[in-house]
Amino acid sequence: MNVEDKKNEYAIDLIEEFFDKHRDWKKIETLNVFGLGEHFDTNFKILKNSEKMEETYSQNEWFKLVSSVRIRKEKNADKDEIIAQSSVNNASISTNPKSAWMLYKRNLKEKGWDRNTIDSIQSSSLNILKYLSKDTGKLGPIKGLVLGNVQSGKTANMAGLISIAADYGFNCFIVLSGMIENLRKQTQDRLVNDVVNNGQLDWQIIEHPHPVRPLLKTDAMDNLDLSSDSKKRYLNVSLKNSSRLNNLLKWLYSSKAQAKNLKVLIIDDEADQASINTKKMDINSEEDKERSRINELIINMVNGYNGKNLGAVNYISYTATPYANVLNEAGTESLYPKDFIVSLPVSDDYIGPRKLFGLTEPDETEDLPLIRNISQDDVDTIKDINEGETGYIPKSLKDAIQWYLASSMAMMINGHKSPISMLVHVNQKINSHSYMEEVILDYLHSVKTRNLEKFLYETKMVYLTETSEFSKEDFIEGMPGYSRDSNEIPEYPSWPEIEDKLRILFFREEEEFVSKIPMEQDGSLKFHKGIHLCIDNSAAKYSPNEHVRIVYPEGKNKPKHATLFIVIGGNTLSRGLTLEGLTTSYFMRNTFMSDTLMQMGRWFGYRKGYEIYPRIWMNETARDRFKFVAQLDQELRETIEEYAEKNATPSDYGVMVKNSANNKLIQVTSKNKQQGAEHTDLDFQGINKQTILFEDKPELLNDNIDITNGFFNKLGKPIKNGSRLVWENVDFEVLKTSFLSKYSAPKQDIMFSNLKALVKWCDSLEGDARYDRWNVVLSSKGEIRKNPENSDWVVHGYGVANVDRSVLIDKKGNPRLVNIGSLRAPRDLLSDITEGKDSKHTRTLSMKEVRQIRRDNNIDHIPQLVIYRINKDSKPKIVGEKNKRTNLEFSQDIIAISIMIPGKSVGQNLAKNLMINIDNSDEDYVEE
């Protein structure tokens with residue numbers, strides 16, 4: 001029986017409804033939902049008649065269907081990551097078919113949302129609701145934060161929460177939506193479409209709230225029906241504009257009689273934008289703080305205004321980049337999320353920073369190799385274009401355009417009929433966008449008029465290279481758990497099919513080959529079959545005959561064919577804007593703020609139907625910055641999960657945010673948004689570093705080998721543990737004098753070229769905080785042999801084989817510097833578990849899992865040093881066009897090391913974290 005067969009969808013819908021109503025899997029398995037006992041055959045006949053079910057199932061087949069739903073729901077439930085001490089209510093899902101949630105759920109199904117995602121929205125929305133209150137008179141307003149993901153369906157989660165909260169009895173919903181009116185309108189239209197329906201609740205949209213002059217008389221506060229049994233629900237979507245917020249604030253508090261009946265849920269969308277206090281403040285003087293106007297208005301809305309308070313106020317900030325929200329300020333009068341932080345679960349279908357840029361800890365990983373390099377020469381050319389000093393098109397931009405056009409033709413052949421976009425985002429300056437437009441136009445026209453055959457040959461080479469470097473099989477391997485069957489993921493068409501369509505494109509008449517979006521006399525937009533070249537920035541103006549900014553076809557203007565868009569722009573292409581069918585991104589920006597950079601990643605999100613086509617061109621600096629952001633994001637979510645397990649609230653602790661050791665490369669957020677932050681010594685993960693940078697300096701390499709041999713000679717006989725030798729409880733004085741103070745690393749490796757600073761810090765610790773005993777591990781390739789003959793290395797009579805590590809990045813120079821990307825396997829961090837309980841781990845582990853396994857084996861308090869001897873002639877394991885690695889080819893073997901300290905604090909010479917300064921002078925601190 002194939003559970004996924006479409007004929008089973010109706011039965012699965014019924015099972016989900018039974019679960020929402022009964023919460024009893026045993027009842028559902030036996031169909032004892034009618035109160036007639038566990039007689040399956042009898043119950044099934046009743047089910048068929050009452051629900052008009054066409055399919056017939058045996059008890060075993062029904063059990064399989066129930067099991068599939070149960071596994072899915074339990075899997076999604078396990079993804080919820082919440083920080084909170086306890087629920088403040090017993091809210092539950094309404095099973096009334098006319099309830100706001102059930103109608104919204106049906107709406108999502110009709111739009112084609114998969115069941116896993118709908119389950120996830122329901123679970124996370126209910127969990128958030130459980131931390132809200134319909135009476136905040138005594139405890140004060142609830143303040144929380146929801147950590148979403150860039151382009152991940154955050155609005156769908158907001159709509160889910162509003163629906164469930166409306167069913168539960170909240171009567172007023174305010175959504176603070178960005179600073180751009182068209183995006184605010186977009187959010188309002190989406191929420192109205194999702195939430196406002198013909199159900200048991202009567203929704204009223206408050207368009208322009210005003211204390212004395214509302215747009216409609218029915219919008220006046222005194223005219224709202226806020227009685228306890230009322231079915232009226234009120235929704236306002238407001239621009240984060242001081243004038244509008246001022247009117248909204250005064251409207252909310254305009255009636256003392258109504259105030260106590262208001263049960264308000266305020267959702268601050270993109271809460272790290274505008275809502276943050278950016279003006280100078282004195283964190284020691286609450287009265288004298290100088291607030292930014294928008295921040296002040298929102299605080300008054302939440303905390304009370306003119307001596308009045310509302311019956312219930314719940315403020316939830318939504319953002320994918322919450323660094324400013326948790327680093328700005330933490331006082332009771334601030335918007336700090338004191339009550340809870342929720343990290344929305346990430347769908348297996350989501351292509352986010354981790355998938356594209358990988359992680360650096362505990363090991364360097366990259367799941368989807370979709371990033372292409374913009375060389376330094378091309379970077380210099382782009383800079384000249386931005387200044388209007390050249391009309392020359394760099395090769396990487398030609399490659400990107402060629403891929404965009406070839407992939408667009410391929411998608412059309414696959415049957416794609418929706419818009420297909422290319423993003424060009426290389427500068428925020430308005431003038432540079434016009435210069436870039438000229439360069440792209442000149443290139444396209446030169447191809448059309450005189451260079452078509454050359455273009456087709458070059459595009460063929462790009463197409464064949466790209467399709468070989470990233471195949472459908474590569475996507476499937478890099479996206480385990482993806483919801484679509486492999487036969488639903490498209491295949492690359494053959495080149496001759498692509499070429500035929502490209503010729504048709506370039507043979508089009510000029511006005512239908514490349515242009516802005518043409519406008520008819522009545523102002524309607526006309527979309528042709530060529531390329532729409534748009535400029536989207538704050539200076540882009542309408543003209544009588546063309547639309548300059550990006551807008552996609554909809555309604556009666558939507559053609560039956562796929563429409564092509566190349567979009568050039570800057571900051572307006574960052575936050576909140578979705579580029580439809582984005583296959584090609586050409587990105588080079590000099591921003592070094594983590595939150596700003598993350599929001600610029602318009603390529604994050606879902607790519608269903610064209611999964612194999614996205615590519616991203618960027619320069620090395622931008623890639624390094626995104627890699628840091630991916631690690632920052634992962635560690636932040638793990639921190640949230642860790643505190644959730646301890647039932648601690650954000651009012652007890654400061655959320656730690658990873659800080660870059662190189663502020664010239666990247667900063668977490670702007671300084672005026674992290675005024676309440678302080679550099680902290682507290683590091684819950686301890687040091688967890690590995691050497692990956694090596695210089696081919698023969699003398700240094702030989703010295704490290706001699707130092708390591710001398711160190712091993714100072715140690716006693718090791719424990720043989722598979723392919724490792726382990727020394728337990730090594731005296732730190734021996735480790736310090738014989739190894740750490742002598743080992744040398746390239747100066748480019750900030751951590752390992754300063755091991756003396758680590759030694760000094762270790763010596764400064766006192767009492768129980770000291771790390772006097774270490775575990776030392778020597779890693780080998782394959783089984784350690786007792787017979788040392790023909791071994792690479794002999795240590796205490798054991799034959800040890802060198803390990804192989806090939807080169808990921810090769811920086812030419814004298815001496816040659818290489819980056820191996822990753823030194824360790826996750827199991828290396830567990831290799832000092834010598835009793836064999838958990839010493840066999842071959843799959844990739846997160847640091848959270850590694851710490852838990854060490855904790856389970858009672859060695860989480862012991863620091864670890866792992867030593868490797870890398871074969872100087874190492875070669876890649878995989879040879880071929882797809883392989884991104886090269887031979888090591890060093891003059892001597894390399895001694896490489898990994899250090900993991902599970903300690904409580906990190907010295908100032910090591911990379912720091914940032915944490916909000918919380919004044920807990922009258923409370924107990926939560927200690928790690």
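How many of the 11 residues of helix α5 (residues 100–110) are buried?

Reply: This is a predicted model, in which local features need pLDDT of at least 70 and side-chain atom pairs count only at pLDDT 80 or more, while totals for chains, interfaces and linings use all residues. Residues are numbered from 1 along each chain as its sequence is written, and side-chain values use heavy atoms, with hydrogens and water left out.

Eight of the 11 residues of α5 are buried, so the helix is mostly covered. Buried means under 20% relative accessible area, exposed means over 50%, and partly exposed is in between (1.4 Å probe, protein chains only). Helices (H or I, at least four residues) and strands (E, at least two) are DSSP runs, numbered from the N terminus. The buried residues of α5 are Ala 100, Trp 101, Met 102, Leu 103, Tyr 104, Lys 105, Asn 107 and Leu 108. They pack against four helices, α1 (9–22), α6 (115–129), α7 (154–168) and α8 (181–195). After α5 comes Gly 112, with a positive phi near 95°.

Most residues other than glycine have a negative phi. Lys 52, in the loop between α3 and α4, has a phi near 55°. At 71% relative accessibility, Lys 52 is exposed. Gln 151, in the loop between β2 (142–147) and α7, likewise has a positive phi, near 55°. Gln 151 is buried, at a relative accessible area of 18%.

Asn 32 sits in the loop between α2 (25–30) and α3 (40–51) and is buried, with a relative accessible area of 15%. Apart from neighbours within four places in sequence, Asn 32 contacts Lys 27, Gly 37, Glu 38 and Asn 43. Lys 134 belongs to the loop between α6 and β2. With a relative accessible area of 29%, Lys 134 is partly exposed. Residues up to four places away in sequence aside, Lys 134 touches Tyr 168, Gly 169, Phe 170, Lys 263, Gly 311 and Ala 312. Lys 134 and Asn 261 are 127 residues apart in sequence, and their C-alpha atoms are 9.7 Å apart in space.

Next come the aromatic rings. A pair of aromatic rings is described by the distance of the centres and the angle of the planes. Rings of Phe, Tyr and Trp (its six-membered ring) pair if their centres lie within 6.5 Å; planes under 30 degrees apart are stacked, over 60 edge-to-face and the rest tilted. The whole structure holds 35 aromatic pairs. One of them joins Phe 44 and Tyr 57, edge-to-face, with 6.4 Å between centres and 90° between planes. Phe 44 is in helix α3 and Tyr 57 in the loop between α3 and α4 (59–79), 13 residues apart. Both Phe 44 and Tyr 57 are buried. The rings of Tyr 463 and Tyr 492 are also edge-to-face, because their centres are 6.3 Å apart and their planes stand at 85°. Tyr 463 lies in helix α17 (residues 452–469) and Tyr 492 in the loop between α18 (472–478) and α19 (495–506), so this pair ties together parts 29 residues apart in sequence. Tyr 463 is buried at 2% relative accessibility, and Tyr 492 is buried at 19%. Elsewhere, ring pairs link Phe 711, Phe 712, Trp 727, Phe 739, Tyr 743 and Trp 793 into a cluster.

Finally, one pair of helices. Axes are lines fitted to C-alpha atoms, for helices over the stretch in contact, and angles run from 0 to 180 degrees between N-to-C directions. The axes of helix α15 (residues 395–413) and α19 come within 9 Å and cross at roughly 110°. The two helices are therefore roughly perpendicular; angles under 35 degrees count as roughly parallel, over 145 as roughly antiparallel, 65 to 115 as roughly perpendicular and the rest as oblique. Leu 405, Ala 406, Met 409, Ala 410, Met 412 and Ile 413 of α15 meet Glu 497, Ile 498, Lys 501, Leu 502, Leu 505 and Phe 506 of α19. By class, this contact has 10 nonpolar, no polar and two charged residues. Ala, Val, Leu, Ile, Met, Phe, Trp, Tyr, Cys and Pro count as nonpolar, Asp, Glu, Lys and Arg as charged, and the others, Gly among them, as polar.

Note on methods: Contact = heavy atoms within 4.5 Å.
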